[in-house]
Every structure is written in structure tokens, then in C-alpha cells.
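Have the viewer open and follow along.

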Amino acid sequence: MKQMELIAPCHFGMEAVLKREILDLGYEISKVEDGKVTFLGDVQAIADANMFLRTTERILLKVGEIPAQTFEELFQATMALPWEEYIPKNGKFWVTKANSVKSKLFSPSDIQSVMKKAIVERLKKVYHVEWFPEDGPSFPIRVSFMKDIAVIGLDTSGVSLHKRGYRQMVVKAPITETLASALIMLTPWNKDRILVDPFCGSGTFPIEAAMMAADMAPGMNRSFLAESWKNIIPIKCWYNALEEAKDRVDTTVRTDIQGYDIDAEALKAARANAKMAGVEHMIHFQQRPVKELRHPKPYGFIITNPPYGERLEEKQALPALYGEIGESFRRLDRWSMYLITSYENAQRDIGRKADKNRKIYNGMLKTYFYQFEGPKPPKKRKEEQQEGMR
């Protein structure tokens with residue numbers, strides 16, 4: 001099958017996590033840049049990437065990479081690309097998004113308009129028509145300028161991949177599913193270890209962790225735009241991906257995943273979302289404040305997105321709240337804690353400097369992922385492992 005370049009955008013700082021996911025799928029990485037990973041694959045890779053990757057926002061099929069410092073250069077270079085290989089005569093196409101960094105061309109609306117005209121001119125000559133009905137499959141185009149080089153791709157996903165299909169109910173300050181997955185993957189947590197989110201909100205961290213534990217593909221319960229691109233991707237590719245996803249699911253796996261929140265409405269949303277995701281039996285949700293966080297077993301994980309204090313009255317409560325987080329963490333036996341927050345005094349109020357912290361942009365908000373690392377549990381003896389397998 002023909003090899004293509006596919007582009008997977010991600011949160012800044014999460015490129016290494018996404019790269020590992022793509023390699024685990026069996027595809028070759030061609031480039032890693034800030035906020036995106038480019039890899040090589042055939043048409044099956046488009047379906048596999050959309051179905052299985054947890055930490056990317058969408059999958060773009062790369063059409064070309066062109067230099068352009070003027071709109072005339074952009075027009076000519078865009079028109080020179082082989083659009084007929086992708087867009088059929090009845091295809092609906094438009095430049096849905098344009099962004100520009102350190103480039104002479106920076107107006108998104110002008111970039112979009114010029115590129116659309118160039119594609120129309122190219123396809124008019126190829127298809128020998130003067131007008132396009134655009135009543136067929138949709139082909140949204142995305143362009144990203146960096147230092148006068150434009151990378152152009154077709155969006156195969158449609159609705160962003162963070163929309164797994166389970167989050168019907170949302171509470172304030174939610175974290176996206178893709179970012180939650182990436183943050184969990186930055187920790188040593190696995191399905192055999194305890195995980196507690198004491199500020200679970202609508203349940204994203206516990207649900208994503210449960211889906212990982214059950215090896216449940218994030219794209220199983222949704223559709224993708226490129227399913228209608230029968231001129232590029234045979235429908236069999238999507239069936240193959242879904243069949244593999246179904247074969248891999250194991251919802252009988254035993255886990256200790258817990259979500260707490262003081263807000264009853266948030267917990268109602270979390271339970272509904274977990275049910276929609278098919279993992280409600282794997283998570284214990286409970287109405288409980290962080291100061292009442294207890295667990296009898298050692299070597300567990302807190303992974304959480306606590307309040308940031310965006311409003312003034314909330315900000316005044318943060319020192320006490322983060323103090324309670326610190327007190328609860330110190331009571332737990334040999335646990336690790338990972339939390340994402342924009343609150344600048346988090347370490348001071350928790351009462352401990354993080355072993356590591358990583359700057360992450362959650363949307364436009366600069367946050368830090370503080371990592372308080374506990375000791376590793378002792379390795380089980382072979383006899384215990386064999387006994388557990390019986």
C-alpha cells in the first residue's frame with residue numbers, strides 16, 4: 001500500500017508520550033516538533049491512528065509542505081499540489097483553519113480565501129468543469145505556517161478526538177480526555193496500582209485510566225470524517241480497526257480506581273459518563289472532601305486536576321485547600337502524587353517541593369504538572385506471581 005505522511009497534533013509538552021503511542025501502533029516516526037508528531041503509514045494507519053491514539057487531537061493526512069512569503073506564492077504553490085488525488089469532483093472542501101507563527105503571511109481569513117481559490121482553479125482544470133456542486137463527502141483542510149513554510153493537511157477525524165463520545169455531562173473547569181490520558185501516561189501508574197482523583201469533577205481522569213486498564217480504544221464509540229472518503233480509504237480499513245479494538249477489550253480486569261468530589265452534581269455527571277464509557281463497574285465514585293482522603297494500602301497514586309482559583313473568591317480559599325492536599329498526601333503510605341494546576345503557590349501550600357514539574361498549556365492557560373514521586377513497590381517473588389496467575 002502507498003505510504004503517506006500523517007500528522008498528529010498534541011498538547012505542547014506531550015510529544016514524547018504521543019511518539020511512544022505511535023511507535024506502539026507499529027508506525028514509523030518521520031518528525032517530532034512542538035505540538036505535533038509526523039509519522040508514515042498506509043491507509044490502514046489513518047483508521048488505526050483515529051481509533052487507538054489517546055493523546056492526539058486529530059489525524060491530518062499531509063497534502064504538502066510549501067514555502068510562501070506572498071499571497072501570489074501561496075496561490076501558485078497551493079495550485080501545484082495534486083488535490084485531485086484526494087478530493088473527488090463532488091467533494092465539499094474548504095480551509096477550516098489557518099494559523100501562522102513567525103511568517104510574513106499571518107491573516108487566517110486571507111490565507112483561507114487564497115488557498116480555496118487556488119484549489120478550485122486546480123480542480124477546474126483537472127475535472128474540466130466551471131462549477132462544483134460540493135454535495136459529496138467533506139474534506140476540511142488545515143494549514144499551519146511556521147517561518148514562511150506552510151504545512152497543509154486534510155482533517156481525517158472531523159470532531160476533535162478528545163470527544164470520545166462518553167462525556168455527555170460536563171462540570172466547570174474540565175480537563176480534556178486527550179490531556180488527561182497524556183498526563184496519566186507521564187506517570188508510572190498501571191492497572192495493578194491504586195489511583196485516586198480527589199477532585200474528579202465529571203470523571204475524566206478515572207474514566208481514561210479505566211479505559212486504559214481495560215485496553216479500550218478511545219475511538220470505539222464514535223465516528224470519523226474520513227469514513228466517507230471511499231476514494232482514499234476502503235471501508236474495510238475502518239472495520240479492521242474496530243474489530244481489533246473490540247477483540248482487545250477486557251472489562252473483567254480488576255482495578256482500584258476511585259474518584260472523589262465534594263459536588264454531588266459533579267459526581268452525578270461522572271457516574272453517567274463512566275456508564276456511557278462502559279467502565280462504571282471499574283470505578284468507585286464517592287462524595288468526599290480532599291481532607292478526608294484515606295486509603296489503607298501503600299504505593300498508590302493521586303492524579304488530579306484541583307481548583308486553580310480563576311475567580312477572586314476561589315483564589316482566597318486556595319492556600320487552605322492546597323494545605324489539605326498536602327496533609328492528606330502525607331498520611332498516605334508511600335504514595336505518589338501528580339497534579340496539574342496554574343496556582344503558583346501550589347508547592348508552598350502543599351508543604352513539599354515537587355520532584356519534577358513540567359510546564360503544560362491547558363488551552364491558553366499556562367499550568368504546571370507537579371510530580372511528587374513515591375518509592376517503587378518491591379517486585380513480587382516468582383512464586384507469588386505464579387500463585388496470582390492460577
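The buried residues of helix H3 pack against E4, H4 and E6. In this predicted model, H3 covers residues 71–79, and its buried residues are Leu-74, Phe-75, Ala-77, Thr-78 and Met-79.

H4, one of the partners of those buried H3 residues, spans residues 108–127 and packs on the sheet. There, H4 touches E5, strand E6 (138–146) and E7, and its direction makes about 140 degrees with that of E5.

## The seven-stranded sheet

So what is the strand order in the open sheet? Reading across, it goes E2-E3-E1-E4-E7-E6-E5, seven strands with mixed pairing. Strand E2 (28–33) and strand E5 (92–101) sit at the edges; each has a single partner strand, so one side of each has no neighbour in the sheet. From one strand to the next, the twist averages 30 degrees.

Zoom in on E4 and E7. Strand E4 (residues 60–67) runs antiparallel to strand E7 (residues 149–155), and seven bridges join the two.

Now over to E9, residues 257–261. Is this strand buried or exposed? Five of its five residues are buried, meaning under 20% relative accessible area, so E9 is largely enclosed by the rest of the structure. Ile-257, Gly-259 and Asp-261 point one way from the strand, while Gln-258 and Tyr-260 point the other way, and all are buried.

E9 pairs in the parallel sense with strand E8 (residues 195–197), over three bridges. Within E9, Gly-259 is the bridge partner of Asp-197.

Strand E10 (residues 283–287) pairs with E9 as well, in the parallel sense and over five bridges. Here Asp-261 stands opposite Gln-287 in E10. To get from E9 to E10, the chain passes through helix H8 (residues 264–277), and this β-α-β crossover is right-handed.

How values were computed:
Residues are numbered from 1 along each chain as its sequence is written. This is a predicted model: local features need pLDDT of at least 70, side-chain atom pairs count only at pLDDT 80 or more; totals for chains, interfaces and linings use all residues. Side-chain values use heavy atoms; hydrogens and water are left out. Two strands pair if DSSP finds at least two bridges between them. Helices (H or I, at least four residues) and strands (E, at least two) are DSSP runs, numbered from the N terminus. Axes are lines fitted to C-alpha atoms, for helices over the stretch in contact, and angles run from 0 to 180 degrees between N-to-C directions. Contact means heavy atoms within 4.5 Å. Buried means under 20% relative accessible area, exposed over 50%, partly exposed in between (1.4 Å probe, protein chains only). A crossover is right-handed if, with the strands pointing away from the viewer, the path from the first strand over the helix to the second runs clockwise.
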